[in-house]
Amino acid sequence: MFHTLRMRLLAGSTCALALFPLSLSAQEAVLAMGSAEVGVPNYNPLTAVNTNTAFSMIYDTLVEQDADLTYHPHLATSWEEAPDGKSWTFHLKPGIKFHNGDPLTSATIVEWIDMYRKSENSYMIDNVEKVEAVDDTTFKFVMKNPDPNLLYNLSSSFMAVIDPAVVKKDGENYGITEAIGTGPFKLESFTLGQETVLVRNDDYAWASPLAENQGPPHIAKLTLREIPEDSTAFLELKSGGVDGLLSLPTDYLSEIATQANLAVEKLPGDEVYYMPINVTKEPFTDIKVREAAALAINQDEILKNVFSNYGMAANNMLISALPESKIDPSLLISYNADKANALLDEAGWKKGADGIREKDGKKLTVALWTQSDSVFRRLTEVVQAELKAVGFDPQIQTFDSSVIRDQYKTGNQQLAVRSYNWTNADIIDWFFGGDRLGYPNVSMFNDPKAEELRTKAMTGSATQAERIANFLAYNSYVSGQFPYAPIYQPEKNMAYNKDRLVMPAVIHGGSMSGTVMQDVSVKE
Amino acid sequence: MLSYLIRRLLLLVPVFLAVSAVIFLILHLIPGDPVDNLLRVGSSPAQRAEIEARYGLDRPLVVQYGIWLGDVLRGDLGTSIVTRRPVSQLIGLALPESLKLGGFALLLSSVGGILLGVIAARMRDRWPDRLIMGGVLLGSTLPSFWIGLLLILLFSVQLGWFPVSGARGWDSLVLPVITIGIGGIALVARVTRVAMIDTAGRDFVLLLHAKGLPPERILWRHVLRHAMIPVVTILALRIGWVLGGAVTVEYVFARPGLGSTLIKALNQHDYPVVQACLLMLAIAVLLGTLLGDILQAAMDPRIRESIA
């Protein structure tokens with residue numbers, strides 16, 4: 001009896017081994033997405049206003065960006081840009097299939113781009129005239145204007161490759177019950193605001209070379225939960241309800257250090273805190289006063305006291321991973337109280353008995369706007385103290401984050417404390433372009449020379465190198481006009497349970513994308 | 001009774017119209033713009049105007065209200081500006097969760113609150129009463145956000161009995177229901193106690209005692225029945241609150257629901273969703289009040305007779 005039972009067990013386990021060879025294990029993992037990712041309404045890149053991490057698991061992009069923002073192949077194995085920038089030729093990896101079995105060919109790409117042009121996100125391909133299929137795996141983007149930013153757009157999850165036939169068939173419902181991509185995971189179920197359940201794409205054989213594992217992912221079932229409250233997400237991790245948090249607020253880093261089974265993986269930051277200065281409002285119409293306000297901000301002190309040394313000081317408008325952020329060191333903006341005081345003296349603002357400067361009987365009182373979220377309130381109070389130290393009298397005005405944008409449109413702000421998340425130099429165009437005064441151009445900056453440099457940077461570059469050079473010039477000029485003061489660059493952290501997950505040695509990518517997840521496995 | 005019901009229902013129509021107008025106007029008058037949430041880095045001012053036109057946001061407010069009211073009366077709640085999904089679909093996802101959570105919380109508050117209230121009244125000024133009233137004070141003053149996190153720490157992290165968050169199984173409902181229920185229990189217990197003590201001093205109760213009825217029978221059959229009238233009113237009024245007021249609890253426990261849908265839409269100025277959520281809550285309050293009145297009439301023969 002015992003013998004037969006053992007025989008059966010043995011037979012059973014051999015069967016199981018045959019069904020699940022080692023490379024295709026039955027691993028399951030549950031991750032919580034960051035609170036900023038909560039509430040994505042569907043998995044349709046054509047209509048998405050915001051995307052979440054699951055997009056990069058369900059879909060692949062033609063091009064992939066590494067953590068250092070360099071471009072790498074994914075669905076496209078290689079590409080060539082014409083010397084005049086008027087066309088790009090891409091080569092697809094052969095044999096790629098969508099989750100429903102449809103092959104991905106050049107014809108699919110042509111149809112996808114046609115569809116994209118009619119979508120709400122069409123501005124991503126404004127510079128593309130048309131796409132031509134050269135053969136089954138070769139296609140050519142013919143450009144209206146050279147656009148070295150094409151690779152950036154193609155690597156974004158907004159330009160994840162969809163199956164046009166399915167999108168057409170499903171119409172408005174696409175991305176809710178069904179989302180068909182070529183990605184390492186297939187969408188099993190999606191509950192709005194709650195969770196997205198993904199299962200492994202067993203046919204996956206076209207991972208980006210950035211991933212070590214070129215076959216199907218190790219994890220067979222991946223649940224991505226949406227938890228809006230950070231402390232709840234942390235308790236889920238602590239109690240084992242989830243195996244990892246895709247985004248851990250810095251406040252919890254010290255708490256993680258005390259837990260033996262928890263670990264943190266650092267991801268490159270994509271956010272910058274800055275202080276826009278309204279150049280159209282007295283006293284900031286005077287560039288000396290603007291420069292003084294900018295130099296009064298003590299980035300290192302803020303890094304240490306407000307953000308416990310997590311992250312890094314910012315000294316220009318762009319995240320430091322971008323080559324366009326490498327402007328001439330003399331143009332970088334960093335703390336210099338002596339110079340700030342000297343500039344204000346020069347501008348005619350003399351210190352009164354109470355330490356507040358005055359000119360023609362008027363005090364240097366300025367409005368400092370911020371939003372009600374706690375990190376902004378904390379930061380703004382420090383900024384206020386630092387401005388006060390050189391003789392400003394900043395009055396903090398707090399607005400709810402949902403109404404502050406409308407307030408900016410009035411143009412009544414003088415100084416403000418804000419932040420943005422973006423990993424491309426064109427953010428300078430967004431925040432300082434003369435046709436977006438009020439919001440997003442909170443600085444109300446509209447300068448003829450800047451506009452000239454802006455046009456050149458946005459549309460006048462044929463190659464990537466030219467674009468970098470043009471944006472360096474644009475960034476340098478804008479920084480020299482002091483329409484803002486840079487403050488701080490946070491880092492991103494991912495927390496996970498060491499007893500459950502094995503992370504890759506190096507994270508290749510700006511986030512825990514599908515490519516990174518290729519190399520994550522579960523301890524069994 | 002039937003004509004009373006019809007009159008009450010007809011009265012709901014002008015109230016509904018007034019509520020809808022107030023909801024619409026207040027929403028559109030507060031600063032903020034849903035289109036801001038639809039613009040991403042790189043889109044042009046022309047694209048902004050296009051989006052505004054698509055949702056009719058460029059038309060006069062009165063025209064927008066007329067269109068919206070017309071659609072609502074035809075049963076069309078519109079499309080969410082930010083998520084682009086039909087509002088009825090979003091409400092359809094949120095409402096059952098809110099009803100489940102709110103229903104159980106209401107049940108817990110009524111049973112627990114009435115029981116504690118009766119005990120407190122029965123043991124008036126003795127230690128059980130003091131204990132219960134102390135608990136009531138705590139229950140009604142502690143923020144539910146904090147109670148929720150505390151319950152998670154104890155029952156999920158330490159004991160591992162219930163999931164920390166989510167809305168997957170019935171076990172995930174226990175802690176949120178208790179969190180909301182605690183406030184309700186406190187309220188109902190307080191009202192019950194006061195009503196019981198008040199009723200116990202009435203002449204008819206004295207008469208019953210004089211007639212020699214057993215005190216327990218007087219308490220449960222006569223005093224409690226009488227004291228239930230204000231309690232039922234409070235509970236009925238709480239229906240609307242329980243449906244929409246669970247925002248923080250939904251947030252802490254990462255549960256879907258009308259409250260969190262409303263707050264999220266409010267932050268994004270997603271007018272159609274906010275309007276629909278507020279309308280749902282207004283209807284819940286109106287129906288709750290109506291239900292309260294009907295129950296009161298059913299329980300109190302004097303009210304029943306006066307409206308017959």
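**View 1. Four strands of chain A form an open sheet with the order β14-β22-β13-β21.** Welcome to this predicted model; we start with a sheet in chain A whose strands pair in the antiparallel sense. Two of its strands, β14 (312-313) and β21 (418-421), stand at the edges with a single partner strand each, so one side of each has no neighbour in the sheet. For β14(A), the pairing with strand β22 (residues 484-489) of chain A is antiparallel and runs over two bridges. Look for Ala313(A), which stands opposite Tyr488(A) in β22(A). As background, strands of a sheet pair through backbone hydrogen bonds, in either a parallel or an antiparallel way.

**View 2. Helices α14 (residues 448-459) and α15 (residues 464-480) of chain A cross at roughly 160°.** A pair of packed helices is described by the angle between their axes and the distance between the axes. Here the axes of α14(A) and α15(A) come within 8 Å. Angles over 145 degrees count as roughly antiparallel, and α14(A) and α15(A) are therefore roughly antiparallel to each other. Their crossing is left-handed. On the α14(A) side, you can find Lys449(A), Ala450(A), Leu453(A), Arg454(A), Lys456(A) and Ala457(A). They meet a set of residues in α15(A), including Phe471(A), Tyr474(A), Tyr477(A) and Val478(A). The residues of this helix contact divide into eight nonpolar, one polar and four charged.

**View 3. Chain A and chain B meet in a contact that takes 31 residues from chain A and 35 residues from chain B.** On the side of chain A that touches chain B, four elements of chain A each supply at least two residues: β10 (219-226), α6 (230-239), α12 (404-409) and α13 (427-432). The chain A side holds eleven nonpolar, ten polar and ten charged residues.

**View 4. Chain B is assigned two domains, domain 1 (2-73) and domain 2 (90-307).** Taken over C-alpha atoms, the centres of domain 1 and domain 2 of chain B are 32 Å apart. The contact between these domains takes 15 residues from domain 1 of chain B and 13 residues from domain 2 of chain B. Helix α1 (residues 2-29) of chain B provides ten residues, the largest share of the side of domain 1 that touches domain 2. This side of domain 1 of chain B is made up of nine nonpolar, four polar and two charged residues.

Terms used: Residues numbered from 1 in each chain as written. Chains lettered and ligands numbered in written order. Predicted model: local features only at pLDDT ≥ 70, side-chain atom pairs only at ≥ 80, totals over all residues. Domains from an automatic or database assignment. Contact = placed C-beta atoms within 7 Å. Nonpolar A, V, L, I, M, F, W, Y, C, P; charged D, E, K, R; others polar. Axes fitted to C-alpha atoms, helices over the stretch in contact; angles between N-to-C directions. Parallel < 35°, antiparallel > 145°, perpendicular 65-115°, else oblique. Left-handed = near helix turned anticlockwise from the far one by under 90°. Pairing = 2+ DSSP bridges.
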